[in-house]
Amino acid sequence: MLNVPLLCYGKNCDHPPKAESAALEVKDVGFTYGGTSEPVLQDINLRINPGEKVALVGPNGAGKSTLMKLILGLEKIQKGQISIYGHHANACRHRVAMVPQKSTVDWSFPVSVRQVVTMGRYVHLGWFRNPGKKDREAVDQAMETMEISHIADKQVGELSGGQQQRVMLARTLAHNADLMLLDEPLNHVDIATQELMFHTIEKVCRMGKSVLVSTHDLGILTVHFSRVLFLDKTIIGDGPVKDVLTPQNIARAYGFEFHKGMEHESWLNG
Amino acid sequence: MAQWITEPLQYVFFLKGLGAGLLVAAACGVLSGFIVWRGMAFIGDALAHAILPGIVIALMLGIHMLIGALAAAIISVLAIGTLTSHRRFKEDTSIGVIFAGAFALGILLMNRVGTFQDLSHILFGNILGVSSFDLILIAIVAFLVIFLVLLFFKELLVTSFDRTHALAIGLSPLAIHYGFLILVASTTVIATQTVGVVMVLALLVTPAATASLLTKELWKIIMLSTFFALVSIIAGFYTSYYFDAPSGATIVLVLTAFFLAAFTYSKAKLRFNV
């Protein structure tokens with residue numbers, strides 16, 4: 001847990017985005033977990049521009065979560081470079097925020113929806129400071145956007161899966177990051193929440209922020225994303241859905257044989 | 001009735017003991033919510049046992065008991081942390097090893113010192129034997145613990161709920177964890193005087209367990225825990241004074257009675273609502 005240099009919990013690292021810089025730039029990144037010899041990630045190169053909305057797809061174990069952890073600064077960068085709005089990853093905690101997979105959170109802990117959303121403001125507060133008027137306004141607004149104001153005082157353990165996901169997204173909105181990472185946000189989430197999530201992501205991107213969404217559910221991509229990154233230890237495809245989700249790529253990543261005629265599968269061309 | 005209540009209050013030893021007990025109860029009550037909801041009951045118990053050698057060595061060397069206990073508690077926390085960071089063990093394994101070893105060392109040392117009777121109040125608490133110096137030390141530790149929990153409340157909250165988010169904003173859950181353990185250890189030390197090494201756990205766990213049956217808000221859990229702890233101390237005091245009952249056991253039984261009442265109430269409420 002402590003293999004990452006921890007720094008600047010609080011205000012002192014609020015670097016403004018550098019002009020003309022990419023929202024996210026990953027160069028030649030590779031990563032191997034300690035105790036294993038097989039790299040999880042190899043030669044990752046990608047660039048996301050401000051205002052872009054990108055899907056990160058790939059089978060389980062493709063390294064999607066690891067890549068997100070690296071971007072967020074939760075794992076040490078072993079090889080290559082990652083920069084966020086022109087700043088080295090890990091140099092600034094304010095620019096990037098993540099909606100984690102639900103399993104990493106202790107939902108039984110007695111906290112209210114409002115308290116969880118307020119946690120999104122902590123990065124701006126740091127030690128010894130309590131949320132002020134500005135923070136409370138940001139929290140109220142985030143809850144309103146995610147339509148959870150009416151359950152603000154409920155305990156998070158009593159909520160449905162979809163509501164819990166809204167709370168996490170509201171927390172990320174309160175964080176007010178410029179690069180948002182969503183790790184498998186669609187698992188166990190109802191359709192209404194999915195729609196609200198995509199609508200919110202759309203809105204956030206129009207404000208010039210960037211969003212990277214990981215998923216192993218290929219079905220939703222055609223509707224909501226114009227750009228897809230296909231990851232299987234390395235980037236095997238980057239571009240519009242039709243060019244990336246070729247039967248060959250899917251067969252390669254998901255490990256089944258490519259059969260002639262699969263290119264006519266209707267959901268791929270929808 | 002009024003006289004029944006005020007009679008013991010005219011004795012200084014009783015007042016000192018009651019003051020110490022109430023301070024300890026307040027500190028335990030405030031910590032209790034986090035101990036229960038962070039799943040730290042086992043480590044609380046382990047720390048309480050691990051301070052035994054510190055107390056005995058302090059007595060052998062003629063240093064104040066609480067100082068020896070505090071040193072032993074902090075060494076145990078660091079030892080558990082070192083073993084756990086080795087990644088070869090899960091934390092409860094490290095706790096088990098340290099806890100059993102330290103307690104055994106304490107028992108052995110007590111045996112060498114040879115005055116087991118004198119030391120039985122360490123094991124079971126002796127609330128009416130609090131000296132002025134004890135009281136000052138207990139007050140300092142109790143106020144410090146409460147102050148620090150309030151000061152770092154939001155950090156405790158975020159590291160308990162979502163470690164990943166804490167790490168992502170540059171806050172080390174591990175640092176908060178060990179900081180909190182040191183608070184638990186210090187509270188354990190001052191609590192041994194009132195309920196003894198063996199039963200400290202009841203003051204650290206039962207109040208919040210009871211409160212959690214009645215409410216799901218952390219603030220209310222903490223307030224209620226503190227209330228239960230305070231009432232149990234007062235009850236323990238008077239029974240100890242009037243019936244010459246062991247104070248530690250009485251305190252724990254009062255807490256347990258609260259728990260059973262709350263449990264029955266929540267069950268009944270569930271049945272009638274559905």
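In what order do the six strands of the open sheet in chain A lie? In this predicted model, the order is β6-β7-β8-β3-β9-β10, and the pairing within the sheet is mixed. The strands at the edges are β6 (96–99) and β10 (234–239) of chain A, and because each of them has a single partner strand, one side of each is left without a neighbour in the sheet. On average, and with direction ignored, neighbouring strands of this sheet are turned by 20 degrees against each other.

One end of this order can be followed at the level of residues. Strand β9 of chain A, which spans residues 227–232, is joined to β10(A) by five bridges, and the two strands run antiparallel. Within that pairing, Val228(A) of chain A has Gly239(A), in β10(A), as its bridge partner.

Helices of chain A lie across strands of the sheet, among them α5 and α9. Helix α5, residues 161–175 of chain A, lies across β6 and β7 (179–183) of chain A, and its direction makes an angle of about 175 degrees with β6(A). Helix α9, residues 247–254 of chain A, lies across β9 and β10 of chain A, and here the angle to β9(A) is about 35 degrees.

The division of chain A into domains gives another way to read the chain. Domain 1 is made of two segments, 21–95 + 178–270, while domain 2 covers 101–176. The centres of domain 1 and domain 2 of chain A, taken over C-alpha atoms, are separated by 25 Å. Between these domains, 20 residues of domain 1 of chain A are in contact with 15 residues of domain 2 of chain A, and the area buried between them is about 1,500 Å², with carbon and sulfur atoms giving 60% of that area. On the side of domain 1 of chain A, the residues that lose the most area to domain 2 are His94(A), Met180(A) and Leu196(A), which together account for 33% of what that side buries.

Is Ser240(B), in chain B, buried or exposed? Ser240(B) lies in helix α13 of chain B, which covers residues 218–243, and with a relative accessible area of 9% Ser240(B) is buried, because buried means under 20%. Leaving aside residues up to four places away in sequence, Ser240(B) touches Ile127(B), Leu128(B), Ala245(B) and Ser247(B).

Definitions and conventions
Residues are numbered from 1 along each chain as its sequence is written. Chains are lettered from A and ligands numbered from 1 in the order in which they are written. This is a predicted model: local features need pLDDT of at least 70, side-chain atom pairs count only at pLDDT 80 or more; totals for chains, interfaces and linings use all residues. Side-chain values use heavy atoms; hydrogens and water are left out. Helices (H or I, at least four residues) and strands (E, at least two) are DSSP runs, numbered from the N terminus. Buried means under 20% relative accessible area, exposed over 50%, partly exposed in between (1.4 Å probe, protein chains only). Contact means heavy atoms within 4.5 Å. Two strands pair if DSSP finds at least two bridges between them. Axes are lines fitted to C-alpha atoms, for helices over the stretch in contact, and angles run from 0 to 180 degrees between N-to-C directions. Domain bounds come from an automatic or database domain assignment. Buried area is the accessible area (1.4 Å probe) that two parts lose on being put together, summed over both.
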